Structures are given as structure tokens and as C-alpha cells.
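This briefing is meant for someone meeting the structure for the first time. Please look over the sequence and the model before reading the notes that follow.

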Amino acid sequence: RVEFEKWCPQLKVFMYYGTTEERKMYRIEYWSKGNINQYDVILTTYSMVTNTPEERKMFKVTQMHYVVFDEAHMLKNMNTQRYENLIRIKAKNRILLTGTPLQNNLLELMSLLIFVMPDMFAGRSDDLKNLFQKNSKAAKNTDEEELPTFEKDQIQHAKDIMKPFVLRRLKRDVLQDLPKKTDELVIVPFPPTQLEQYNNLVFHFQYF
């Protein structure tokens, strides 16, 4: 809320946050009576939106122009209950914010893609869940270099689809004075007690 007051003081912000009874009062006073339409922004949390059946239904039927999801890396798995609840929020446009880079994981990439454009994948989400969940389990302990060529192509294709929808900022673009990373190998000898324990451990695994 502090950021809205600083950067967009003209916007009227409603804080949907509080105890169960306080939130129930908000739903009666603001949603049931239509007073929520006086506000430009509803600010809340993932847990508040999905806490009760009444809240899940309320945000499912409330038409939003834009919904901004912070910490969007928590939406990288379409098989979670949180994902299922949040994707039902009625929104014309969705914006995902995250400081976590996209990984070479088909389940994560498709989860984000489906979340941003649910209408495009309507009716196919269950099939995609089954497909990518199996691929994810099969590749769980596999390095990127060891992935089959077909799966690498799928990952690259998914990234290409998402590219027009991703605005990415790198540290080197934001912090111009950021020093270059350097690697330095420093060999530190064991103290006598640790050296003895280490040698005993090596001896144990070599001969027992």
C-alpha cells in the first residue's frame, strides 16, 4: 500500500486483509452492497483470496481488469491447490511478477503459460497436466545436458511461445556498475583433528 501512496496517490486502494470476521464484514459491506466499485485497486494476499469457499467464489465472480500476481514462482506447478484456486480468479488480463528465472522444466513453463492464457488451453488442462507431470517425474533427476533431444525441443518451443509475454530485466542491465563475477579457488588445509577424522572416514569406506 505504501508504494501506491507514493507512486499513484490518486488511486483508491482497498485492503482486503484481516481476521475471518473482519473479512466477512468487508464482503457484506463492500461486495454485497456494491461499494467495492468505488475503489480502483484491491490489495490482498494469496491466502486471503483462497482461505474460504466464500472468498474463492467472490473473487471468481468479481470481474477484474488486471490482476497482478507477485511472487509468481509459486504458480509454477499446475498440480497444486493454490494454482487451481488462483487461476479461477476472473480477470481480463494477468500479470505475473517474479524474481526467479524460468527454468528448463516443461511443467513449470506450461503452468505459467496456461495461467497467463487459460482461455487458449480451455478443456486441455487435464491432458497437459498428465503429460507434463509424467515428463517432470521422468526428468527429475536428469541434468539438462542429458535430456532427450525431443524434450529439449519442447522446452525451447515453450520458451519461444512465452517470449512475447515476458519482460525480463537482468542485473547487468539495471546495475551498470555491477562488478564482473570472478572465480577463485582457495585451498585451505584441514586442522589436525579434522584431518584425522577425514583420513579415518576415507579408510573406512575403502576397506569396509
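At 42% relative accessibility, R88 counts as partly exposed, because that value lies between the limits of 20% and 50%. R88 also takes part in a salt bridge with E84, in which the closest N and O atoms are 3.8 Å apart. The model is a predicted one, and the points below set these two residues beside the other features of the protein.

**Overall make-up**
- The protein contains 10 helices and 4 strands, and from the N terminus on these elements run in the order α-β-α-β-α-α-β-α-β-α-α-α-α-α.
- Of its 208 residues, 25% count as buried, while the accessible surface comes to about 16,000 Å², with 53% of that area belonging to carbon and sulfur atoms.

**Salt bridges**
- The count of salt bridges comes to 5, and one of them joins R27 to E55, with the closest N and O atoms 3.5 Å apart.
- This pair links distant parts of the chain, since R27 sits in helix 2 and E55 in helix 4, 28 residues apart, and both R27 and E55 are buried.
- K33 forms a salt bridge with E29, where the closest N and O atoms are 3.5 Å apart; K33 counts as exposed at 52% relative accessibility, whereas E29 is partly exposed, with a relative accessible area of 31%.
- Through salt bridges that share partners, R23, R27 and E55 are joined into one network.

**Helix 2 and its surroundings**
- Helix 2 has 13 residues and reaches 17 Å from its first C-alpha to its last, which is close to the 18 Å expected at 1.5 Å a residue.
- Within helix 2, the residues R23, Y26, R27 and W31 are buried, and what covers the buried residues of this helix includes strand 1, strand 2, helix 3 and helix 4.
- Helix 2 is followed by G34, whose phi is positive, near 80°.

**The largest nonpolar core**
- In soluble globular proteins, nonpolar side chains tend to be buried together.
- The largest nonpolar core here has 32 residues, of which Y16, F59, F69, L75 and L86 touch the most other members.
- Helices 2, 3, 4, 5, 6 and 8, together with strand 3, each supply at least two residues of this core, and the largest share, 8 residues, comes from helix 6.
- Leaving aside its neighbours within four places in sequence, L75 is in contact with Y46, F69, Y83, L86, L96, S111, L112 and F115.

**Surface and loop features**
- Y66, V68, I95 and L97 make a nonpolar surface patch of about 380 Å²; of these residues, Y66 has its place in strand 3 and counts as exposed at 56% relative accessibility.
- K57, which lies in helix 4, is exposed, with a relative accessible area of 59%.
- K57 and R88 are 31 residues apart in sequence, and their C-alpha atoms are 8.9 Å apart in space.
- E71 lies in the loop between strand 3 and helix 5 and counts as partly exposed at 39% relative accessibility.
- Most residues other than glycine have a negative phi, but the phi of E71 is positive, near 50°.

Key:
Residues are numbered from 1 along each chain as its sequence is written. This is a predicted model: local features need pLDDT of at least 70, side-chain atom pairs count only at pLDDT 80 or more; totals for chains, interfaces and linings use all residues. Side-chain values use heavy atoms; hydrogens and water are left out. A nonpolar core is a set of buried Ala, Val, Leu, Ile, Met, Phe, Trp, Tyr and Cys residues joined through side-chain atoms within 4.5 Å. Buried means under 20% relative accessible area, exposed over 50%, partly exposed in between (1.4 Å probe, protein chains only). Contact means heavy atoms within 4.5 Å. The expected span of a helix is 1.5 Å times one less than its number of residues. Patches are made of residues with over 30% relative accessible area and no salt bridge: like charges are joined within 9 Å, nonpolar side chains (Val, Leu, Ile, Met, Phe, Trp, Tyr) within 5 Å. Accessible areas come from the Shrake-Rupley method with a 1.4 Å probe; for residues, only the protein chains shown count as cover. A salt bridge is a side-chain nitrogen of Lys or Arg within 4 Å of a carboxyl oxygen of Asp or Glu.
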